Amino acid sequence: MDQHSFVNARYASAPGSPIRELKRFSDLPGMISLAGGYPAPELMDAAGLQQIFGRFAPAEFGQALEYGGTEGAMALRVQLARLLSARGMAAEPADVLTLSGSQQGIDLLARTLLSPGDVVLVEAPTYPAALSAFRFAGASIHQVATDDEGLVIDAFEAALVRLKPKLLYTVPTFGNPSGRTLGEARRRALLELAVRHRCLVIEDDPYGDLYFDQPPPPALYSLRHAVDGADGIVTYLSSLSKTLAPGLRLGWMLGPPDVRRACVLAKQTDDMHASTLTQAAAAAYLAQGLFLEHLPRLRQAYAGRARALVRALREHLGERLRFIEPGGGMFVWARLPGVDTAQWLKSAIEHRVMFVPGAAFFAREPDPACFRLSFASQDEAGIAEGVARLAAALRAV
Ligand SMILES: Cc1ncc(COP(=O)(O)O)c(C=O)c1O
């Protein structure tokens, strides 16, 4: 019997997030997940955060349970502006729009900037939840080629000329899923081209703080003053999810005032404001200097995990596998020529290990031989065992 659905056409036929839908397998007994970009709970400063929550004075706690302003609590915006200024992104607290995670920023931007048919450029490969947000907004999404250093500038220029896009969405630092980082010369070239072709740049940067040895090049947002006309064409998103805790659901946006204002209006009908409770806790955590103490520990632990993954991949999957060693972030993006990684995943789940096949990360023409591994949520022994299982699963395909 045909059932009438009340769901509109845009949502009725949309696939769910392939990564979030994999999450149900991660609960199988004995599963080693190298799939999600989930920070390791044991590496979070749970004790530090717990103390912060426990030490609120009653009046302060009451205030933190009240509704708040849409732009965010001033105490947190002050701390974020300080943090950003120390990273070369001079910002006043009033310039910071607090978000319920940076994912919300992508969604607000998609809703407020895009009309159906507008052209959006993304990297190939890119972050699937951004693709979904742009699809729901009715955008026409085109991908731009990348190499080991990220976005290929000639390909970007060709796409600007041919497609006249409204915006470029990019994760230029320790990209998800690529793990790659765009060099400074390319960053400047990207901005020059974006200015010349009037293309807004959305710089999504949740991983920049997670470098191992070398800090990454300056953010596009901070280079906008170095490139004539680039002020006003970069919108920057970042998050406390990967560095502090995703359950706080806190991120932020910097960008042109009219763009931020539109996002504030959209946020008013969305969640009104990010959680006042977690904003108050994060503000106190940052103000007490705990965040800057925590980061080096996190970087060191993830660097060890990344090295363990690279070692295990070389040992178990050998010469056939092509990937570049990450300098930060949470991911290794790899390619196994001749292998359909979606088939491999089915066998891998039977072997109690998971990864994400590459198809989900492409706007068009997916490469089935690519896949993403995360080294964030397993310890070094778990990573070694996980990769040994991956190799066994591959032999069984
Ligand atoms: C590139 C990228 N952008 C945004 C997000 C969303 O993060 P948040 O928890 O801040 O919403 C993620 C999370 O995986 C991500 O990888």
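**Close-up views: cavities and the ligand site**

**View 1. The largest cavity.** The largest cavity holds about 90 Å³ of space. Its lining comprises 15 residues, of which Glu123, Gly150, Val171, Ser178 and Arg180 are closest to the cavity centre. This is a predicted model. By class, the lining of the largest cavity splits into 6 nonpolar, 6 polar and 3 charged residues. Counting cavities of 30 Å³ or more gives 2.

**View 2. The second largest cavity.** About 30 Å³ of space lies in the second largest cavity. Pro39, Ala40, Leu43 and Met44 are among the lining residues. Lys242, Thr243 and Leu244 also line the second largest cavity. His294, Leu298 and Tyr302 complete the lining. The classes here are 7 nonpolar, 2 polar and 1 charged.

View 3. Which domains contribute at least three residues each to the lining of the second largest cavity? They are domain 1 (14-43 + 292-396) and domain 2 (68-288).

View 4. The ligand takes up the space of the largest pocket. There are 14 residues around the ligand. Asn176, Asp204, Tyr207, Ser239 and Ser241 come nearest. The shell around the ligand has 5 nonpolar, 6 polar and 3 charged residues.

View 5. Side chains of Asn176, Asp204 and Tyr207 each place an N or O atom by the ligand. For Tyr207, an oxygen atom of the ligand lies 2.6 Å from an N or O atom of the side chain. Asn176 also faces a ligand oxygen atom, with 2.7 Å between that oxygen and a side-chain N or O atom. How much of the ligand's exposed area does the protein bury? The ligand taken alone exposes 400 Å², and the protein buries 92% of that.

Note on methods: Residues are numbered from 1 along each chain as its sequence is written. This is a predicted model: local features need pLDDT of at least 70, side-chain atom pairs count only at pLDDT 80 or more; totals for chains, interfaces and linings use all residues. Side-chain values use heavy atoms; hydrogens and water are left out. A residue is near a molecule or strand if one of its heavy atoms lies within 4 Å of it. A polar contact is a pair of N or O atoms within 3.5 Å; within protein, one must be able to donate a hydrogen and the other to accept it, and residues adjacent in sequence count only if both atoms are side-chain atoms. Accessible areas come from the Shrake-Rupley method with a 1.4 Å probe; for residues, only the protein chains shown count as cover. On a 1 Å grid over the protein atoms alone, a cavity is a set of points where a 1.4 Å probe fits but cannot get out, and a pocket is an open set with protein on both sides within 12 Å along at least five of seven lines; lining residues have an atom within 4 Å of a point. A molecule sits in a cavity or pocket if more than half of its atoms lie within 2 Å of its grid points. Ala, Val, Leu, Ile, Met, Phe, Trp, Tyr, Cys and Pro count as nonpolar, Asp, Glu, Lys and Arg as charged, and the others, Gly among them, as polar. Grid points are joined across faces, edges and corners, and a volume is the space filled by probe spheres set on the points. Domain bounds come from an automatic or database domain assignment.
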